[in-house]
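Here's a quick briefing to read alongside the structure. Have a look at the chain first, then we'll go through a few local details.

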Amino acid sequence: MKQDLDYYFPIQTQTACTSKWGWSTIWLNKGTTSSCHRCHEFNIPLDDFASFHNVPRKIKNRQDMLQGIWPGDGCEYCRDIEQAGGFSDRMHNNDIPGMSPLELKQNPTEVYVTPTTLEVFAENTCNFKCVYCNWTLSSRIEQEDKQFGSEIFPPSGQLKRQSPDDAILSKEKTKDLYEQFFQWLEDNVQKLVRLHLLGGETFLHHDLMNRTIDLLERKPSTGLQLCIFSNFNPPDKYFKLYIDKIKYLWQQGNIGRFDLTASIDCWGPQAEYVRFGLDCKKFEENFAFAAEQPEDFLWLNVNQTVSSFTMKTMPDLINMFNKYNKHRHIGHYAMLVDGFSFMRPEVFAYETWEQTWSKIYSSMRSESIDDQQAIKIMSGLQSVMRKTTEHNHKQIEKLYKYYDEIDRRRNTHWRDLWPELVI
Ligand code: SF4
Ligand code: SF4
């Protein structure tokens, strides 16, 4: 069954979400899967990787959505934004054609379906130690934990498989699942609309990159949108090498387009603290290189995680990428930090952010429909923050404790960078 890129999600209940039907995120070193990256993770049966998209809890979530019920399991993120009057990811994604499984054409209440978007976190090799990340995704955090102990990482029970009770799989089991994933891709890549590869830092995952490129040489997927998330700070030779290889795939007609998504939250010293390992100058050089690529080949995006520490210099980040979107579109997507509730801006009273919001909106472009969608998503986040009228001192104490420990480990000084958050 080939994908239909003009087909819209047909289910119209108050809670139904195209991602719940069409999207699977997979963590191969944990053996888990979720519907989108903010939903709860469920175990993938280790001897039956191919069932990842239709594990029992996902089926139950789809049945709830058919009834117009919020299913829980992480979808509270969208529920809360919508209940605050904002524009959620669910609303955004339901407006995008081509993401719906084609089984819904035959039966619009079908709950056993084939994914259209597959997002894969393959392993944890990474050159960064972002403050909201953990050792299952970053080998540098893993090393740091070995040196200092892991009392502040991981943040919650979220990292564990439900059973057996281990946070990540053994090397052998991960390898086995990795092979099952590639077998699944061999058989199904031509049914996918989007394939997202993530890390760690994806441009450091050479086996993943080379095998995927090789597979797409053998199995042309003319409509496929291949998407890579990167911190834009891998060694130059790999960044350019893989972009050239993917460009060749596109020139041969083996993929429809390449989405290169830069993970970056704010700008300057604050960004280099939050995404420890980041060199903003190097980031901008690579960003400029990507922005020079033909627009019909490479779609350039910025993906931001919003937390108390990223708010202040978000306008500087937007002004940076505005230098490059005069002659081409740059996608802009923002989401609230996941998993570490004390990092969320809502732990401070809304007045803390009032002026920053004005600066954010005045730096954002508004000419195109995509620009307007980005503003709508941003205003959804603002609606959630608006609900906080007083500081949450308990959470703020946790925040201080966490960053004091980060400073101890990294010889950094967060109070110098965010004096206004010391209350
Ligand atoms: S969290 Fe939102 S976007 Fe993700 S599956 Fe749930 S409703 Fe859909
Ligand atoms: S770049 Fe990504 S994987 Fe690496 S530490 Fe940051 S968030 Fe984690």
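In which loop is the place of Asn411? Asn411 sits in the loop between α16 (393–410) and α17 (414–417). Keep in mind that this is a predicted model.

**Positive phi outside glycine**
- Asn411 isn't a glycine, yet its phi is positive, at about 55°.
- Asn411 counts as exposed because it has 6 C-beta neighbours inside 10 Å, and the cut-off for exposed is 12 or fewer.
- Phe232 is another non-glycine with a positive phi, this one about 60°.
- You'll find Phe232 in the loop between β7 (221–230) and α9 (236–251).
- Phe232 counts as buried because 25 C-beta neighbours fall inside 10 Å, where 20 or more is what it takes.

**A cis peptide bond**
- Gly199 and Gly200 are joined by a cis peptide bond, with omega at about 5°.
- As for where that leaves Gly200, the residue lies in the loop that runs between β6 (194–198) and α8 (206–218).

**Around ligand 2**
- Ligand 2 is surrounded by 13 residues.
- The closest of them are Cys126, Phe128, Cys130, Cys133 and Ser138.
- Sorted by class, this shell has five nonpolar, five polar and three charged residues.

Terms used:
Residues are numbered from 1 along each chain as its sequence is written. Chains are lettered from A and ligands numbered from 1 in the order in which they are written. This is a predicted model: local features need pLDDT of at least 70, side-chain atom pairs count only at pLDDT 80 or more; totals for chains, interfaces and linings use all residues. A residue is near a molecule or strand if its C-beta atom, placed from the backbone, lies within 6 Å of it. Ala, Val, Leu, Ile, Met, Phe, Trp, Tyr, Cys and Pro count as nonpolar, Asp, Glu, Lys and Arg as charged, and the others, Gly among them, as polar. Helices (H or I, at least four residues) and strands (E, at least two) are DSSP runs, numbered from the N terminus.
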